[in-house]
Amino acid sequence: MSLQVLNEDKDVSDEYRASSARGAKLIRVIATAADRFGEEYIGRLYTEFGTRLHNEGRGRDIDTLRAIAEESLEAVGLDKGLAAEAMDSTEYDDAIRKSHNEGITLVGQEVGTPVIRVGSNAFFGPVVTTIPRGEDAGRLWDGVLLVTEFDDFFELKRSRTRRPSFD
């Protein structure tokens, strides 16, 4: 999912639009790496980017994003020079838009991220504020799998009252 593509026709603040455009630079790195070296780099790079952005709370200015991209590429065994090449390239923008549209078609426009697909059904979520571990993680995933078996199941939701914790 691309938040930049999702919100391009929506009434969002200029600040949010600029933030999404900066974030899209990391998506370009992922798309480039996936095309050149294999789709297995998609999840690996998302994890590396997410760890630096969310767990470590690193900034989102362009210089920090470039450093995050370079560090993440090296962490997965790719040349950090790919960051400079890919972040400002529009070569894969059509592929990113196509991928976004394929995913969003499964769930509809009124969702955010994450979107997961299980079998023929896709959903927004699950959204949790702490990372379940061990047996709790398995129980949560079993519950997700259970509700996805019902073609008429669409939504569970409550307001989030806690910030995410990445411990």
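**Close-up views of a predicted model**

**View 1. The second largest pocket and its lining.** The second largest pocket holds about 1,200 Å³ of space, where a pocket is an open set of points on a 1 Å grid over the protein atoms alone, with protein on both sides within 12 Å along at least five of seven lines. Its lining consists of 33 residues, and Phe 124, Gly 125, Val 127, Leu 156 and Lys 157 are the closest to its centre; a lining residue has an atom within 4 Å of a point. Two or more lining residues come from each of helix H6 (93-107), strand S2 (121-124) and helix H7 (134-148), and H7 gives the most, with 5 residues; helices (H or I, at least four residues) and strands (E, at least two) are DSSP runs numbered from the N terminus. This is a predicted model, in which local features need pLDDT of at least 70 and side-chain atom pairs count only at pLDDT 80 or more, whereas totals for chains, interfaces and linings use all residues. Residues are numbered from 1 along each chain as its sequence is written, and side-chain values use heavy atoms, with hydrogens and water left out.

**View 2. Helix H2 against helix H3.** Helix H2 (residues 14-37) packs on H3 at an angle of about 155°, with the two axes 8 Å apart, which makes H2 roughly antiparallel to H3 (a word used for angles over 145 degrees). On the H2 side the contact includes Leu 26, Ile 27 and Phe 37, and on the H3 side it includes Tyr 41, Leu 45 and Phe 49; contact means heavy atoms within 4.5 Å.

**View 3. Helix H3 against helix H4.** Leu 45, Glu 48, Phe 49, Arg 52 and Leu 53 of H3 meet residues of H4, among them Leu 65, Ile 68 and Ala 75.

**View 4. Two cis peptide bonds.** Most peptide bonds are trans. The bond from Thr 113 to Pro 114, however, is cis, with omega near 15°, and Pro 114 lies in the loop between H6 and strand S1 (115-118). Another cis peptide bond joins Gly 125 and Pro 126, with omega about -5°, and Pro 126 is found in the loop between S2 and H7.

Conventions
On a 1 Å grid over the protein atoms alone, a cavity is a set of points where a 1.4 Å probe fits but cannot get out, and a pocket is an open set with protein on both sides within 12 Å along at least five of seven lines; lining residues have an atom within 4 Å of a point. Grid points are joined across faces, edges and corners, and a volume is the space filled by probe spheres set on the points. Axes are lines fitted to C-alpha atoms, for helices over the stretch in contact, and angles run from 0 to 180 degrees between N-to-C directions. Angles under 35 degrees count as roughly parallel, over 145 as roughly antiparallel, 65 to 115 as roughly perpendicular and the rest as oblique.
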